[in-house]
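Let's take a walk through a protein model together. Have the structure open beside you and follow along as the names come up.

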Amino acid sequence: MASSSFLAVSLIVLSVLFFNGVMSMHAASQNDVASTICKKTRNPSFCFDVLKSAGTTDLKGLATFTLNLAHDKTVESRALAQSLASKTIDPKLKERYATCAEQYDNAIDDIEDGKVNLGEGDYNGVNIKASAAMTEAGDCLDSFAQPPKDPSAFSGNGKTVEDICSIILVIANLLLGRA
């Protein structure tokens with residue numbers, strides 16, 4: 001009887017040690033993947049925060065996750081630009097917001113095309129489309145370099161879109177290296 005109790009306790013201890021080891025290896029693997037990607041992006045701390053919430057270390061899964069995130073943020077940015085264009089009184093700001101809405105509309109198309117490219121295994125296409133979306137967001141931000149300045153927090157959205165696209169570019173390049 002004592003020997004079966006000892007065996008049961010030993011199995012439980014071994015199971016706990018094995019489970020903890022597997023979980024530690026998963027965490028190390030997730031950190032390694034994030035480190036490999038994020039150190040090559042324009043905003044590594046933002047990248048780590050994004051990839052931490054992805055729930056996968058698979059590059060194709062991370063590409064899907066970040067493309068979806070970029071799409072959502074770009075749709076939100078377009079809606080905000082449209083809203084600001086309709087509410088602002090300043091004609092220069094009105095024109096800039098309206099132009100930004102068009103640029104974000106183009107960026108949404110680019111990101112949707114990037115999703116199609118990813119599904120087809122065309123990682124160079126993903127790279128090209130993420131770069132195009134990043135350029136559209138950057139062009140919008142650049143339009144606010146001259147007075148009058150943007151009185152809203154709108155420019156933060158554009159920077160976030162650029163940062164997410166930067167992550168997508170690195171992932172697409174890593175996928176290209178594996179193809």
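This is a predicted model: local features need pLDDT of at least 70, side-chain atom pairs count only at pLDDT 80 or more; totals for chains, interfaces and linings use all residues.

Residues are numbered from 1 along each chain as its sequence is written, and side-chain values use heavy atoms, with hydrogens and water left out.

You'll find Val-161 in helix α6 (helices, H or I with at least four residues, and strands, E with at least two, are DSSP runs numbered from the N terminus). Which residues does Val-161 touch, not counting residues up to four places away in sequence? They are Lys-73, Thr-74, Ser-77, Tyr-104 and Ala-137, where contact means heavy atoms within 4.5 Å. Val-161 and Ala-107 are 54 residues apart along the chain, and their C-alpha atoms are separated by 9.4 Å.

## Zooming out

Of its 179 residues, 37% count as buried. Take the contacts between residues at least 6 apart in sequence: 72% of them join residues at least 24 apart.

Now for α4 (residues 91–119), α5 (123–142) and α6 (residues 154–178). Here are their pairings, with axes being lines fitted to C-alpha atoms, for helices over the stretch in contact, and angles running from 0 to 180 degrees between N-to-C directions.

| Pair | Angle | Axes apart |
|---|---|---|
| α4 and α6 | about 20° | 13 Å |
| α5 and α6 | about 160° | 8 Å |
| α4 and α5 | roughly 165° | within 8 Å |

The angle of about 20° between α4 and α6 makes α4 roughly parallel to α6. Angles under 35 degrees count as roughly parallel, over 145 as roughly antiparallel, 65 to 115 as roughly perpendicular and the rest as oblique. α5 and α6 are therefore roughly antiparallel to each other, and α4 and α5 are therefore roughly antiparallel too.

What about handedness? A crossing is left-handed if the near helix is turned anticlockwise from the far one by less than a right angle, and right-handed if clockwise. α4 and α6 cross in a left-handed way. In that contact, α4 brings Tyr-97, Cys-100, Tyr-104 and Leu-118, while α6 brings Phe-154, Asn-157, Gly-158, Val-161 and Leu-175. Sorted by class, they come out as seven nonpolar, two polar and no charged. (Ala, Val, Leu, Ile, Met, Phe, Trp, Tyr, Cys and Pro count as nonpolar, Asp, Glu, Lys and Arg as charged, and the others, Gly among them, as polar.)

α5 also passes α6 in a left-handed crossing, and their contact has 16 nonpolar, eight polar and two charged residues. The crossing of α4 and α5 is left-handed as well. Among the residues that meet there are Ala-107 and Asn-117 in α4, and Val-126 and Lys-129 in α5. That contact splits into eleven nonpolar, five polar and five charged residues.

## The nonpolar core

In soluble globular proteins, nonpolar side chains tend to be buried together. A nonpolar core is a set of buried Ala, Val, Leu, Ile, Met, Phe, Trp, Tyr and Cys residues joined through side-chain atoms within 4.5 Å. The largest one here has 42 residues, and Ile-37, Leu-51, Phe-154 and Ile-171 touch the most other members. At least two of its residues come from each of α1 (2–38), α2 (44–52), α3 (59–87), α4, α5 and α6, with α6 giving the most, eleven residues.

Leaving out residues up to four places away in sequence, Ile-37 touches Cys-47, Leu-51, Leu-59, Leu-62, Ile-167, Val-170, Ile-171 and Leu-174.

Asn-117 lies in helix α4 and counts as buried at 12% relative accessibility. Beyond its neighbours within four places in sequence, Asn-117 is in contact with Asp-122, Gly-125, Val-126 and Lys-129.

Asn-43 sits in the loop between α1 and α2 and counts as buried at 18% relative accessibility. With residues up to four places away set aside, Asn-43 touches Lys-159 and Asp-163.

Finally, look at Pro-148, in the loop between α5 and α6. A cis peptide bond joins Pro-147 and Pro-148, with omega about 0°.

Definitions and conventions:
Buried means under 20% relative accessible area, exposed over 50%, partly exposed in between (1.4 Å probe, protein chains only).
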